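Hi everyone, thanks for making time.

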Amino acid sequence: MPTLDDDLRLIAEQEHLLHFASFSAETAWTVGSALRAEALARKAGMTFEIQIAGRTLFACSTEGAAPGQADWIRRKRNVVMRFGRSSYAVGLQLQLEGKTIEERHGLTLTDYAMHGGGVPILLTGTGIVGSVVSSGLDQRTDHGLVVKAMAQALGVAIPALP
């Protein structure tokens, strides 16, 4: 069974490998369509959003998606954009420290969700410019789906969380 430290190291490696030279509306469509196809294959009610600089380039829900998923998306996106890390990594780091988001950063759960599914869009030489966010499955799976879709768009192999 992997430890929190093991997962955090692996997520850091994923984030290091997921750097784009550019990220256009076409890239968002490629990543988002892959996420939607995966949700349909799983017959899962899911919601996805891809944003760059506050502009939504892709948004979609599949049949059976819960209405509250849109708020989970917003809160996970807030974590990604605030910390420049995947929402899952931020949550695992807080768990490792034994702290809440309120204790550690003075932020509220009303606006921040430290659960898997939000991943930063990183441009080589620039840094974070946006996010890809998934909601609808358990947090580890949400994270894995986003990372896999981004890696496919980049054409890179990345290690997966066990």
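This is a predicted model: local features need pLDDT of at least 70, side-chain atom pairs count only at pLDDT 80 or more; totals for chains, interfaces and linings use all residues.

Residues are numbered from 1 along each chain as its sequence is written, and side-chain values use heavy atoms, with hydrogens and water left out.

Okay, the overall picture. The protein has six helices and five strands; these are DSSP runs numbered from the N terminus, with helices being H or I of at least four residues and strands E of at least two. Along the sequence the pattern goes α-β-α-β-β-α-α-α-β-β-α. The radius of gyration is 15 Å, close to the 15 Å that the globule rule gives for 162 residues, so the protein is as compact as a globular protein of that length. That radius is taken over C-alpha atoms, and the rule is 2.2 Å times the number of residues to the power 0.38. Of the 162 residues, 44% count as buried, meaning under 20% relative accessible area, with exposed being over 50% and partly exposed in between (1.4 Å probe, protein chains only).

Now the sheet. In what order do the five strands form the open sheet? They go β1-β4-β5-β2-β3, with mixed pairing. The edge strands are β1 (19-20) and β3 (55-61), each pairing on one side only. To count as paired, two strands need at least two bridges between them in DSSP. Take β2 (residues 47-52): six bridges join this strand to β3, and the two run antiparallel. In β3, Ser61 is the residue opposite Thr47.

Next, helix α2, residues 25-42. Its 18 residues reach 26 Å from first C-alpha to last, close to the 26 Å expected at 1.5 Å a residue; the expected span is 1.5 Å times one less than the number of residues. Which residues of α2 are buried? They are Thr27, Ala28, Val31, Gly32, Leu35 and Ala39. These cover an arc of only 120° around the axis, which puts them on the same side of α2; the arc is that of the directions from the helix axis to the C-beta atoms. As a reminder, an α-helix has 3.6 residues a turn, so residues three or four places apart point the same way. The cover over the buried residues of α2 includes β1, β2, β3, β5 and α6. Turned away from that buried side are the exposed residues Glu26, Trp29 and Ala41.

Both ends of α2 deserve a look. At the N-terminal end, Ser24 is the cap, with a side-chain oxygen 3.2 Å from the backbone nitrogen of Glu26. Just after the helix, Lys43 has a positive phi of about 55°.

Last stop, Ser134, in strand β5 (residues 127-135). Buried or exposed? Ser134 counts as buried because its relative accessibility is 0%. Its side chain makes a polar contact with the side chain of Asp142, at 3.2 Å. A polar contact here is a pair of N or O atoms within 3.5 Å; within protein, one must be able to donate a hydrogen and the other to accept it, and residues adjacent in sequence count only if both atoms are side-chain atoms. Leaving aside neighbours within four places in sequence, Ser134 is also in contact (heavy atoms within 4.5 Å) with residues including Met46, Thr47 and Val146. Asp142 and Val146 are themselves among the buried residues of α6.
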